[in-house]
Amino acid sequence: MRTLLSAFSLTALTVGFLTATSAQAQTVQISGAGATFAAPLLQRWFDAYNRTVDPTVQVSYQSVGSGAGLEQVINGTVDFGASEAPFSGARLESFRAKYRYEPLQLPMAGGSIEFAYNLPGIEDGELILKRKTYCGIVTGEITRWDDIRIKAENPRIANKLPPLDITWVHRSDGSGTTFVFTNHIRTVCPNWTAGAGTSVEWPVGIGAQGNEGVAATIKQEPGAIGYVNQSYAKLEKMATARLENKAGNIVEFSTEAATSALDAPIPDNFALLVPDPEGPNDYPIVGLFWVMLYREYPDQQKLTKLVEALKWTQGPEGQAITKELDYIPMPEAAIQRIFAELDAITVNPNAVR
Amino acid sequence: MTSAATGYGSPPNPDIDVDIEKKASLSRAVDVGFVRLTLALAGFAGIILIWVILQTTEAALLAIQQFGLGFLVTARWNPVENIYGVLPQIYGSLVTSLVALIFAIPLGIGTAIFLTEGFAPKWVTEPIGFAIELIVATPSVVLGLWGIFVLIPAVRPIFRAINQTLGWIPFLGGPAPRGPSLLIVAMVLGIMISPIIISITRSTFESLPRSLKEGALALGATRWETLLTVMIPAGLSGIVSSIMLALGRALGETMVAAMLSGNANRINISLMQPGSTITGLIASQFGEAGRLQVSALMYAGVVLMVLTLLVNIVAEIIIRKFQNLEQ
């Protein structure tokens, strides 16, 4: 009796083990790394995909920063990368040298950046910043909130502008948010000399770590103003300024204004930068983030699953999440081209890694 | 033959004899093995240190070739044009650590004296000792958040008042203080490193022979005199080494510096203005750094290691001096 029982349990165990391994064999682990700005959206996307569409696909995304993400793509330690700045310079050369083809960079969504401020008595959207003014603030030419130039642009709140010093708050960590912001500032401000990059040499201000650090510093310092991702400004319920765009109109952030700003002809390598959108109602500070892929993958199954997941993010369910998190979805025409590029990726068992 | 052998008492039992030898050789093997093991472990620690230094220097080589020693005296950090120098960060690291010591030394030594000299009953000193250990266990990111959300709002009005009245002193001058500054970093660092001073100083006092204190008291010295002329001089080498350890810790602390310094790439003589430290710079820029920038950050890391090494050498010299004094 006892032997029978143990034999039975042994069989059960073996069967259990076998089913477990076969289930494990089906699970596809995909790893990605890169931009922190893209992290909330990518993680939400792949989590939803795993739960509602294909439970065998597990995508892990490490938000280590765009630069570190690109390095990992070059080193071949991840299946995809994400970045808010396209491949360029030494990294692009390293990638070409190692893989002997151009990196495949596909835009997945856009984001926008707002000026968030802390001015006692002045509510969200009440402050208007014209280009000359915010250029003056970031370069340090305008140092007081009761400056005549700010008052002149804000007749309705001119008497409420406090006699405070302007405290400019910027990111101290390297970030794609800073790249998008400085790319705009470089284009718009004639007196800006620090250029554009994921971290720049700021002429004035104090640096804080991450969107959350910038938000905390602004909230605590009356007279502070800084730049944060739109989704973050909304999450933290921060007061944000209305800005003058290239057409000379004063615009408030809205998803529509940002979407139309990004609706520009996308070049062949998808490296679309819109430092200063031209439409009359466009929101002025917008940028994309890209997913960096290889053109050859060694494993057919992994490639299929990755492509399926990425296509899903651009479908109706994926775009619903994009909008929910206040990112800007890609326009339909771009999506068709993205799908064509995804379909063109090939399987090569000897692909370089 | 056998009878002669028996003449010496009980015959030697060959079995026991072998056993003893075996045991002796076994325990000797264990001894030798243990010595070799500890040697290997010690060597391993040394090898890891050398390995880290070599790897960091290798990664920094690009920047070392490009910027040379000019890196140490350049006050620019421009990733766009790839111009790098760490003078403001060296200044920030040294100043925050030294000012942290100014906060931590009186706090640390005072607490250690209070805890060891029988000023209070055990039920008072024990919880305090426990609380001090908890400070050590607090993650620095938590202390950084505490700095942002509690300390900065609390001290800002005080800083502003000091700045208005004593602004003529260069260290306290500049425009009205905002939130993050080198002084805030130094204050939090002071809190972080004081437990090191407390615990080492405390055990130094505890390990001093009782006869020293009793002798002084027997000679008619007051408690003050005993403390200042006998206890503190006798424990000086321990106190100094605790301070140097704390200084090393302050130089290397990263999270607090990155969160509270304001990360401004400028040299402000005034402590109430934002600045930055080497550790804060490395931590905040590493993720998004370009190739040469990574190399420059590694170079900054090498600079910090050399700086810490110099501090340790100076500490060693000072401690030896004091030890000679004691003898």
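Predicted model: local features only at pLDDT ≥ 70, side-chain atom pairs only at ≥ 80, totals over all residues.

Reader: How much space lies in the largest pocket?

Author: The largest pocket holds about 590 Å³ of space, and 27 residues line it. Those that lie nearest its centre are S88(A), R91(A) and T198(A), together with P79(B) and G290(B).

Reader: And which elements give two or more residues to that lining?

Author: From chain A these are α3 (66–75) and α4 (89–99), and from chain B it is α12 (291–326).

Reader: What is the lining made of, by class?

Author: For the largest pocket, the lining has 13 nonpolar residues, 11 polar ones and three charged ones.

Reader: Let's switch to the second largest pocket; which residues lie nearest its centre?

Author: T36(A), F37(A), R171(A), D173(A) and G210(A) do, out of a lining of 21 residues, and the space in this second largest pocket comes to about 380 Å³.

Reader: Which element supplies the largest share of that lining?

Author: That is α8(A), with three residues, while α8 (210–220) and α9 (230–235) of chain A each supply at least two.

Reader: And how many of its lining residues are polar?

Author: The second largest pocket has 12 polar residues in its lining, alongside five nonpolar and four charged ones. Domain 1 and domain 2 of chain A each contribute at least three residues to that lining.

Key. Residues numbered from 1 in each chain as written. Chains lettered and ligands numbered in written order. Heavy atoms only, no water. 1 Å grid on protein atoms, 1.4 Å probe; cavity = no way out; pocket = protein on both sides within 12 Å on 5 of 7 lines; lining within 4 Å. Points joined across faces, edges and corners; volume = space filled by probe spheres on them. Helix = DSSP H or I, 4+ residues; strand = E, 2+ residues; numbered from the N terminus. Nonpolar A, V, L, I, M, F, W, Y, C, P; charged D, E, K, R; others polar. Domains from an automatic or database assignment.
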